[in-house]
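Okay, thanks for making time, everyone. I'd like to walk you through one model today, so let's get it up on the screen.

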Amino acid sequence: MADPVAWLAGLLGVPVWLARSVFAPLVYPGLLAFTVVALFIIWAERKITARVQMRVGPYYVSPRLGGALQLLADGVRIAFQEVIIPRQVERYSFILAPVLGFAVTAMALAVVPGGPGVYGFRSSVGLLVAYALLGLAPLLVVVMGWAANNKFTQIGAAREILVSVAGEVTLLASLLAAAMMYGTMDLVEIVEAQAAAGVPGIVANPVAALLFFIAALLIADRVPFDLVLGEQEIVQGPYTEYSGVLFALTMALDYLKLYILMMLFADVFLGGWMPFSDPLLGSAAVFAKTVALMLAAVFLRSVYARMRLDQVASMFWSKLFPLALIAFVLSAAVHPLYGGVLAG
Amino acid sequence: MEALEALAYTVSLAAVAAGSIGAIVARRSIHIVSWLVVAALGVAAVLAMLGYTYVAVFHVVIYIGTAVTLFAVIVMLLGSGSEPRPWMPGRLLLAVMAAAALQAPLLVQGLSGGRPGGVRVSVRDAGEALLSCWLCTILMVIAIATVLVEAVALARSPAASSTRAGGGSMR
């Protein structure tokens with residue numbers, strides 16, 4: 001089976017591009033895969049944090065599986081919970097913002113390849129398309145915080161906007177350094193260049209990889225940069241007033257960002273499906289790398305404390321951004337490693 | 001495929017029109033920001049369908065991701081969203097007329113059956129064109145150097161160091 005998506009398209013009698021653009025955002029690497037990953041990652045996060053703090057963590061739902069079904073139970077409860085809309089909120093913005101925010105962010109999954117030939121569409125600027133779609137989410141978070149008309153949500157929204165500006169500049173700088181290194185912004189070509197050279201990007205340009213990882217933590221609101229959600233300070237940030245399905249969407253939004261960014265990291269810096277070229281094995285490789293990276297990201301929660309907003313801003317603008325300039329120089333130095341491969 | 005493309009053009013142009021009218025008519029600052037995003041996404045979609053893919057993506061990255069976001073910073077930090085502006089029907093009329101006048105050439109073009117021919121401009125072409133002209137290269141270097149010097153000056157300014165030392169008052 002050379003290409004499972006093409007085979008599926010033939011079976012259903014639809015054009016291949018249509019099958020691709022439906023399969024990728026909805027099944028893999030899209031929403032279905034994301035749902036499974038999110039359930040697993042949230043469970044793993046709670047379990048790991050509990051182990052570090054010498055607790056048991058989720059247990060009573062399915063004791064034999066270590067409480068792995070706890071999240072499924074939570075999901076069912078949240079799905080049937082009443083959505084409370086407080087009187088002081090701006091109704092339409094309040095309801096629409098989380099829905100739109102999740103949908104816009106999920107669209108990025110159409111460009112990020114989850115394996116050889118497993119992508120929604122391929123563009124010569126795929127890297128930037130994914131970045132641009134991720135960059136739309138902070139605005140909708142601001143709308144959420146504003147619409148809820150509450151002190152905590154407004155402080156959270158102000159933090160989100162300050163933090164996302166700092167994080168996105170660093171993220172874009174590291175992505176552009178990577179694009180300069182490979183000489184292309186097409187994500188499939190990036191992976192192929194790494195496979196042909198036999199060197200993953202993290203070895204060639206560790207500075208850019210480190211910057212990407214740190215900026216991804218900031219954008220996805222992970223500890224030590226979870227200022228937007230700062231539970232001890234501002235309840236749940238911009239998401240304070242949400243309940244039921246809308247709350248689930250806001251929580252999923254942050255995990256979705258983490259999932260997309262870590263899949264991008266796997267493609268751009270870890271060589272994507274590098275040891276394999278078969279669609280199924282390659283997809284499994286990308287998926288495994290993504291999940292491993294997400295586990296590393298959630299593990300940080302149990303070892304780090306939260307940074308202050310001014311510390312984060314000063315760290316990103318005055319320390320990490322100059323480091324990005326070094327990443328550019330490094331990219332220029334290692335470019336011949338990949339440049340020859342693409343030309344040939 | 002033809003019908004799909006026509007539908008895509010129609011939807012994008014409708015988004016541009018709705019966004020530009022909404023941005024003028026809206027009574028709260030954050031709604032204005034949202035309508036600007038709608039208009040910008042429409043413009044980006046039209047650019048992308050005409051073949052200027054990377055211009056479209058940069059439009060989203062720079063216009064929405066940076067400019068509109070900074071506008072949102074100002075709105076949030078000044079708290080100017082709480083007082084709605086008075087409702088003025090005349091503004092709606094003006095906005096509709098302006099949007100109609102701006103989109104009329106496209107409409108005429110579309111009705112006459114002539115469709116805009118797609119051009120394919122890739123980043124690589126643009127980069128080669130930029131680097132083959134020495135004046136452009138020099139201007140680019142000067143621009144980047146200026147930004148860097150300004151950034152260093154800002155980072156070392158007394159305001160920045162006082163924020164760092166004093167714990168900051170940024171909410």
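Now the housekeeping. What you see is a predicted model, where local features need pLDDT of at least 70, side-chain atom pairs count only at pLDDT 80 or more, and totals for chains, interfaces and linings use all residues. Residues are numbered from 1 along each chain as its sequence is written, and chains are lettered from A and ligands numbered from 1 in the order in which they are written.

Let's start with chain A. It has 14 helices and zero strands; by helix I mean a DSSP run of H or I with at least four residues, by strand a run of E with at least two, numbered from the N terminus. How does its radius of gyration sit against the globule rule? The value is 20 Å, close to the 20 Å that the rule gives for 344 residues, so chain A is as compact as a globular protein of that length. That radius is taken over C-alpha atoms, and the rule is 2.2 Å times the number of residues to the power 0.38. Along the principal axes, the C-alpha atoms of chain A fill a box of roughly 65 × 55 × 45 Å.

Of the 344 residues in chain A, 52% count as buried. As for contacts, two residues make one if their C-beta atoms, placed from the backbone, lie within 7 Å. Among the contacts in chain A between residues at least 6 apart in sequence, 78% join residues at least 24 apart.

If we leave aside neighbours within four places in sequence, A:F23 is in contact with A:V5 and A:L8. For scale, the C-alpha atoms of A:F23 and A:S283 are 260 residues apart along the chain and separated by 14 Å.

So, the core. In soluble globular proteins, nonpolar side chains tend to be buried together. I define a nonpolar core as a set of buried Ala, Val, Leu, Ile, Met, Phe, Trp, Tyr and Cys residues joined through C-beta atoms within 7 Å. The largest one here has 150 residues, and those with the most contacts inside it are A:A130, A:I260, A:M262 and A:F265. The element that gives the most to this core is α6(A), with 19 residues. Beyond four places in sequence, A:F265 is in contact with A:F212, A:F213, A:A216, A:L270 and A:L293.

The peptide bond from A:Y28 to A:P29 is cis, with omega near 5°, and A:P29 is in the loop between α2 and α3 (31-52) of chain A. A:D221 is not a glycine, yet its phi is positive at about 60°. You'll find A:D221 in the loop between α10 (206-219) and α11 (231-234) of chain A, and it counts as buried with 24 C-beta neighbours inside 10 Å. A:V235 also has a positive phi, near 60°, in a residue other than glycine. With 17 C-beta neighbours inside 10 Å, though, A:V235 counts as partly exposed.

On to chain B: seven helices and zero strands, with 23% of its 171 residues counting as buried.

Where do the chains meet? The contact takes 28 residues from chain A and 27 residues from chain B. On the chain A side, α6(A) gives the most, with eleven residues.

Last, confidence. pLDDT is the predictor's confidence in each residue, from 0 to 100. In chain B the mean is 76, and 80% of residues reach 70 or more. Confidence there is highest in helix α2 (residues 29-49), at 85, and lowest in helix α7 (residues 158-166), at a mean of 55. Over residues 165-171 of chain B, pLDDT stays under 50. Where pLDDT is low, the predicted coordinates should not be read in detail. Overall, the model scores ipTM 0.78 and pTM 0.85.

Technical notes:
A residue is buried if 20 or more other C-beta atoms lie within 10 Å of its own, exposed if 12 or fewer, and partly exposed in between; C-beta atoms are placed from the backbone.
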